[in-house]
Amino acid sequence: MSTKDKILVRVQSPEGLKRIELSKNTNIKDLYELVRETLKLEDYGFSLFKERNFTSEIISSRSQTIASQNIKHGDMIFFKQVAGISERRASAVAIDKISSAAASQSFQPVLKNEVKEDPVDLLLAKEDGRIKRERDSKLCHHNLNGCCIHCSAIEPYDEGYLKEKNIKHLSFHSYLRKQTSGMTGGKFVAFEDLNCKIKSGCREHLPWPKGICSKCQPSAITLNRQTYRHVDNVMFENTAIVERFLEYWRNTGHQRMGYLYGQYEVLSDVPLGIRARVAAIYEPPQESSRDSIKLLDDDNANDVEEVAKALGLCRVGWIFTDLISENASAGTVKHIRGIETHFLTAQECILAGNLQNSHPNPCRYASNSVFGSKFITVCVTGDKLKQVHMEGYAVSAQCMALVRDDCLIPTKDAPELGYIRESSDKQYVPDVYYKDADQYGNEVQRLARPLPVEYLLVDVPASTPLQPIYTFTPYTTKKSFPIENRYIDGHLQDFTALGSYFSSWPMDSEFLEAVSDFHLLIYLYKMEMLPMKTQMQPLLEAVRTQNKDQAYEFKKNETWSLLESLVGNEGGVSDGAGTSKKNGAAAGRGSSVSSENLSNSGDNEGGAGGSGTGGSTSWTCDHCTFINGSVLSSCEMCGLPR
């Protein structure tokens, strides 16, 4: 830029007077860019004018220059902030930037074929859904090939049919059919979640708490009971799944929590219904007592998800116990949950809401491609007969929104009551109401401070089939592999337990049955001393398809052979005859602490297995050189056998 072409232009703005140096040949687009940089603005939501009364707008253009707009050295132009964005005033680059920013905040319709829905949803979307009825001998007066209003097919959301079959809630796909029925065929249907937060970016006032307006303020919310549910039934494949889960409570008296893994499938008992079929329960790290459960960070969560995905399973819900023994000899428990007290506490509803928000339901009719959740909650507690039974629930979409926006908190003394936060300097909370009956039976609207959490619940029946189903091996005569994260005697997952488990199976003839255990597969997948994660895909596929040939092909793998040799040193691997194979040790050698103590005290000459002397106080691991105490039969550091 030559000195002759340089000019100085003054810009009058709310921030004061600024000076910009530019050339006569500078185009108007670059002028807007220089003004934005000088005033340190984040966007192009402003206009420039020649007159003080904001007339004679200087329109952004690449072809127009400073000289063509008759702007001379020393002239003043006037800056004005605008709420909207004008295509005439913004350059092509500015329009691209602003459009991308606005698209992330505004509603963008999602095309139906862009949403990847669950397989069960795709299957039900293709179903006709209408309920066929037989010809009524009393009301139908036509021939067998005819049809009338008494025998024609009815819609899946027909209230009379649902009442007759004692179906309390619509299935979600029946609810979709109801919403999309009519002349438009669902063209204008768009499900949106509640919004409990202030809309950001409002230019009419200062940010909260210094200002708020009707444009950015969320509307008041009236809670309604949800008339539909995403899952209509949760079915455990067999009673052994729940019995193994309850073993921990029976042994310790402490409560327990676990995640349900299974599949979603079509439920024929409910029109267009969905059932969650549970095949296994994974127990994450946790600290529990008689009255509480505290979840800990799970470093193996990703490994569990990868194993479940390879087996064709997904996380469908969570289960927890609330059991207090009343008479141990009679096997009765206390009845502490019911209509007189509570079904779920407010704290449990908040946790269920968080878990459902973490597992949203893909939906083609939702504005943000997800709506609600298929994630279910199962509580194991005592019934009126003081017997152990299961109750299934899900929280409503309104509860999910309240939990997501941190509006719902528990009360201190009443577990059946929640509380809507009050607005503070840090957070604005809209008014939330619910409907209740007064002393005269009239329906009245009350402020949700406090809030009965029953308004947020949808019940989901939990059951087991008459004929048990087994995705994994049923343990009728053999002892099962220990469940993860149970730090009590007899339930630890270690090399000793692995050897003991394999020794009870004839691996040459029942290899697939032996490895068809969800907890065993997770243990092998996350094992660090002999990494098998990258090589387990064929084994997982064989378990999923129950392909024996593929399983025995994996058994010939070099890594598995090494594992068998290590396990053989520790607990043994059975051959086809059911006898345990050992490396240089008797099959009946004891590996418990008590037998080692007998050896060291001299009561058992020669030792428990011929390794070491009776007076030895320690031994060195041949694999990692760690020095272990004499009472240990496996290395404390690497877990390999002595």
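In strand β4, Ile58 is the bridge partner of Leu48, with strands taken as DSSP runs of E of at least two residues, and helices as runs of H or I of at least four, both numbered from the N terminus. The structure is a predicted model, in which local features need pLDDT of at least 70 and side-chain atom pairs count only at pLDDT 80 or more, while totals for chains, interfaces and linings use all residues. Residues are numbered from 1 along each chain as its sequence is written, and side-chain values use heavy atoms, leaving out hydrogens and water.

Strand β3 (residues 46-49) pairs with β4 in the antiparallel sense over two bridges; pairing of two strands requires at least two DSSP bridges between them. Both strands belong to an open, five-stranded sheet with the order β2-β1-β5-β3-β4 and mixed pairing. At its edges lie β2 (16-23) and β4 (57-58), each pairing on one side only.

Stepping back to the whole protein chain, 16 helices and 31 strands are found. Of its 642 residues, 43% are buried, that is, under 20% relative accessible area, against over 50% for exposed and in between for partly exposed (1.4 Å probe, protein chains only). Among contacts (heavy atoms within 4.5 Å) with a separation of 6 or more, 64% link residues 24 or more positions apart. The chain exposes about 34,400 Å², with carbon and sulfur atoms supplying 48% of that area, as computed by the Shrake-Rupley method with a 1.4 Å probe, where for residues only the protein chains shown count as cover.

In soluble globular proteins, nonpolar side chains tend to be buried together. Here, the largest nonpolar core holds 77 residues, and Leu498, Phe518, Trp560 and Leu563 have the most contacts inside it. Such a core is a set of buried Ala, Val, Leu, Ile, Met, Phe, Trp, Tyr and Cys residues joined through side-chain atoms within 4.5 Å. Helix α12 (residues 518-526) gives the most to this core, contributing seven residues. Leaving aside residues up to four places away in sequence, Leu563 touches Phe495, Leu498, Leu524, Met527, Leu530 and Met532. A second, separate core has 27 residues, including Leu323, Ile376, Val380 and Ala394.

Gln398 is buried, at a relative accessible area of 17%. Its side chain reaches the backbone nitrogen of Asn224 at 3.1 Å. Beyond residues up to four places away in sequence, Gln398 touches Leu194, Thr222, Leu223 and Asn224.

Methods. A polar contact is a pair of N or O atoms within 3.5 Å; within protein, one must be able to donate a hydrogen and the other to accept it, and residues adjacent in sequence count only if both atoms are side-chain atoms.
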